[in-house]
Amino acid sequence: MIQMGTKRIIVIGGSAAGPKAASKARRMDEDAEITIFQKASDLSMASCGYPYYVGGFFDDRSQLLCSPAGVVRDAKFFWNAKKINTRVLTEVTRIDRKQKMVEFTDLTTGKAGTAAYDKLVIATGSNARKPPVPGVELAGITTLQSLSDADYLRKIKDEGVIKKAVVIGGGLIGIETLEALHLAGIHITLIELLPQLLTFLDKHMARLVEKYVQTKVNVILQNGVASFLGENGVLKAVKLQDGTEIPCDLAVVAIGVTPNNKLAKEAGLAIGETGGILVDEYMQTVDPDIYAIGDCVEIPHLITRKPVHAPFGDLANLQGRVAGENLISGNVVKFPGTIQTGICKVFDYGVGSTGLSEKNALKLGYTDIETVVNASLDKPGFMNGNLLITKLLVEKRSGKILGAQVIGPGDVSKQVAIWAMAIKGQFNVDDMVNADLPYAPPFSLAIDHSVATAHVMQNKLKGLFRGISAEQLKDKLKNKEPMLLLDVRNPNEFEEVRLGIGERLVPLGQLRNRLGEMPEDKSREIITWCKISLRGYEAALILQANGYTNVKVLEGGIVAWPWSREK
């Protein structure tokens, strides 16, 4: 029996955001009547873990549903541990705002019903996009949006029958799906309509990722799906827009998601320009008794203040916590927005970003910006350090940090986290050059990679470092501009690997004694590099000290060169 004054809370959606809101509300109010309606059969699924279950990083499916203590979060768990009612396999079909009730259908029995609320939370998530082309309903075509999708793909892995697959979409889920299927011994072709993978990266960084991914799977860019071809209702091939047909028995569609705003729209709630439900900083909709959270909403970008759709699991949980407290205490806590920090695993690489990319900054009208690319290890070589490549974006006038992208086999997560907090704290480059970060050889270089990146940027802003990007050098080569290209590594390094673009080998230790070999015209453009361009920078300083006025350093050196090399 409901006590007088007991608050009735209904949560629509039981994946991540919904259960978080319900759990927080319970912690704030022991007496509230809280019910979660969930269309699927499972609750509180760790959906970001689906690719790793499919790939066999772990085999126990229940781990996707467990609490930190290892207890499966099913209906019994939610009632016994949290006194929260759950209705799984139950679809909410309508919100009646006037009567403050929801209509629902039990998907097992087909029986309809209603439930009243004082406060309502919409956490309906997002819908996977599918290409509007013939054959899209053939058996063998799936997404990786739900736990049932993960079960289907895991079954394919375990059976080991399917040997050829196509992944459509080079975004986060598509890239993570690649590894899962690759581990199953399946030959994969990745199809991306756009000219690059991972559109949150700038072109140079994306090209480095593409170069690495191509060592594992076949990659086709700038080509979309025209149709799916089948026999007897079963997928047999994917036909591309250029007419190419790729034989396969499985196609995973990963071309993004759209906010699931159907219930909200039909209830007359405001929908934002991205398609997400419009909410304020309290996660409240235009109806004061209805909150919305997770992948179904749009939120502000903290740098641009423009609305974005940011379907990330961490943000969903944070929004759920905010909404849960506000349900009970009134609007006392806020969710400010996002800087769209993200990371994914790409085989042995990490790929992450935070804040703005250069291309998005330019698109948004930022003109007073500077970038730099830095390559170095995450920890000393004697501790088996791995390479990191970071692209940093700042406001030139103030040095304010606007964005960072990090890739490589090193500890990408740590680096992205550092830059995310720097952006959130509105730090500038000078704040980072002496950052007091933890140091010990098992974990970091004495000057952490992030601090070294700030050093390079500070030198660039001061005019001490004149860099040239790989793309800019490529354009100069294409235009056959006159310049001297200097590789200042040692001869043995030069024999092992080199760009092969017409460079001359002059080891750094010999440069001062070989200045006579440099151009008589000291205004002639000279571009220097080494493996990571630290020695390249030192060579540039030597040349500048000897009167050469047009010396640039290839940012990131050989390791950040995204095109083919001679060796």
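Buried means under 20% relative accessible area, exposed means over 50%, and partly exposed lies in between, with a 1.4 Å probe and protein chains only. By that scale D118 is partly exposed, at 23% relative accessibility.

This is a predicted model, where local features need pLDDT of at least 70 and side-chain atom pairs count only at pLDDT 80 or more, while totals for chains, interfaces and linings use all residues. Residues are numbered from 1 along each chain as its sequence is written, and side-chain values use heavy atoms, with hydrogens and water left out.

## Salt bridges

A salt bridge here is a side-chain nitrogen of Lys or Arg within 4 Å of a carboxyl oxygen of Asp or Glu. The whole structure holds 31 salt bridges. Three of them are set out below.

| D118 | R8 | 3.2 Å |

Helices (H or I, at least four residues) and strands (E, at least two) are DSSP runs, numbered from the N terminus.

Take D118 and R8, whose side chains meet in a salt bridge. The pair links distant parts of the chain, 110 residues apart. D118 sits in the loop between β6 (112-116) and β7 (119-122), and R8 in strand β1 (residues 8-12). R8 is partly exposed, at 27% relative accessibility.

K100 counts as partly exposed, at 25% relative accessibility.

E566 lies in the segment after β31 (551-554), and R498 in the loop between α14 (491-496) and β29 (504-505), so the pair ties together parts 68 residues apart in sequence. E566 is partly exposed, with a relative accessible area of 45%. R498 is buried, at 13% relative accessibility. Salt bridges with shared partners also join K476, E481, E525 and K552 into one network.

Helix α4 (residues 147-159) has 13 residues. From first C-alpha to last it reaches 18 Å, close to the 18 Å expected at 1.5 Å a residue. That expected span is 1.5 Å times one less than the number of residues. Its buried residues are L147, D149, A150, L153, R154 and I156. They pack against α2 (50-55), β9 (141-142) and β16 (250-253); contact means heavy atoms within 4.5 Å. G160 follows α4 and has a positive phi, near 70°.

S23 is in helix α1 (residues 17-28). S23 counts as buried, at 7% relative accessibility. Leaving out residues up to four places away in sequence, S23 touches F78, K82 and I84.

Two strands pair if DSSP finds at least two bridges between them. An open sheet of 3 strands runs in the order β13-β14-β15, with antiparallel pairing. β13 (225-231) and β15 (245-247) stand at the edges with a single partner strand each, so one side of each lacks a neighbour in the sheet. The twist averages 30° from one strand to the next, taken between lines fitted to C-alpha atoms in their N-to-C directions, on a scale from 0 to 180 degrees. β13 and β14 (residues 234-240) pair over 6 bridges. V234 in β14 is the bridge partner of E231.
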